[in-house]
Amino acid sequence: MFKYFPTNYVWNLSVDLAIEMGARIGEIEEMCAPLKDAANQPDKEGVQAFRDTWAKMADKLCVLAEEDESKGRLFSAGEKYKRAASYLITCERLQAHNSEGRLDLYKRELALFQKSIELGQENCQRVEIPYEGKHLSALYVKAEGVDGPAPILIQVNGLDSTKEMKFRVGLPEWLAKRGVSSLIVDQPGTGEALRLQGLHARFDSEHWASPVVDWLEAHDEVDNSRIGMEGVSLGGYFCPRAVANEPRLALGVCWGANHDWRDVQKRRLEKEGDFPVPHYWAHVQWVWGADNMEEFMALAENVHLDGQVEKINVPFLVTHGSKDSQIPLKWAQRTYDQLVNSPKRELKVFTEREGGVQHSSFDNSINAGHYIADWVAETFNARTA
């Protein structure tokens, strides 16, 4: 794990995620060098300083991108807008949910991300899926070199990730080369669903997974017999739960297992394990729509997979980092052990040998991501070469 701030796990996690999304090391240094003292300050003061320097870099890149645009250098402009959006994603996720200007920061990130996609002519299309009288926003990435309907992997967020983050880390691109499409979804409790639609997380993830499958089945480019789901971090709970209860899902993948999130909350109350974001308890109450800690802990009692994983009767891959400091490795083993009815179950623990040992491989995602992409391609009879 790259540790720019030796004593601040949350900030190191953020920097590592930015690197995985394509940050440049010179820009990382320019943004982080002024923050060494701020990394030891209380959350409110520290995250404001983090936001100021990272947003300043985004502003700088946008000015440079506008200069490129004025000269017709649109690919160069798109690349700069891409990094600007990623830097805004990084500093936005650290802010308290009700902090002044956070929503505007998020909306600007969405606009810059979309502009980077358009100018860069990337294989990525924003779509909207009807849900509960509102919609779930998603990114559709088309399989390459496939004639006719293609298999597709639905990809869902964890507690604090967004569809743009998951797209930039690279799994959709790696799958596309293997002949598998992707649909990266901001499910309830994450991204646009939470910030713009007011849709909170729910333990019964099949409630939103089924409308997503309905939507996919209406599109001729999708092979309805080969629709799978992958979930990262807390998505390592949402995905198995959905696969267990939505029979049209043909495989599942946990990128970081999360078998018993209720237990993780109890341990965190006892100061065990690392937090993924500052203002953690306020953040989880916002995500789950709880008014107080008592209400949140009652909701968290439902967030476990005992009695669910046993219902899965399709191929399933469980992955975990050997040094995950957020979610103990034992929960990956528990998920695997309970996959007794899966015809093809696998537990892959990433070690120092291949990298990706931290939570959901955020410290080095490419080898882990390629392993997942290969497993999905092989299971869906796509290609790995």
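Is H359 buried or exposed?

1. In this predicted model, H359 has a relative accessible area of 5%, and because the cut-off for a buried residue is under 20%, H359 counts as buried.

2. As for its place in the chain, H359 belongs to the loop that runs between β8 (345-350) and α15 (365-379). When residues up to four places away in sequence are left aside, H359 touches Y9, S233, D324, Q326 and I327.

3. One of these neighbours, D324, also has a side chain that is joined to the side chain of H359 by a polar contact of 2.8 Å. As for N302, which is 57 residues from H359 along the chain, the C-alpha atoms of the two residues are separated by 22 Å.

4. Turning to the helices, α2 (residues 25-32) packs with α3 (residues 43-70) at an angle of about 135°, and their axes are 8 Å apart. Angles over 145 degrees would count as roughly antiparallel and those from 65 to 115 as roughly perpendicular, so α2 is described as oblique to α3. The crossing in which α2 passes α3 is right-handed.

5. On the α2 side, the contact is made by E27, I28, E30, M31 and C32, while α3 contributes T53, W54, M57, K60 and L61.

Definitions and conventions: Residues numbered from 1 in each chain as written. Predicted model: local features only at pLDDT ≥ 70, side-chain atom pairs only at ≥ 80, totals over all residues. Heavy atoms only, no water. Axes fitted to C-alpha atoms, helices over the stretch in contact; angles between N-to-C directions. Helix = DSSP H or I, 4+ residues; strand = E, 2+ residues; numbered from the N terminus. Parallel < 35°, antiparallel > 145°, perpendicular 65-115°, else oblique. Left-handed = near helix turned anticlockwise from the far one by under 90°. Contact = heavy atoms within 4.5 Å. Buried < 20%, exposed > 50% of the residue type's maximum accessible area, 1.4 Å probe, protein only. Polar contact = N/O pair within 3.5 Å; in protein donor to acceptor, adjacent residues only side chain to side chain.
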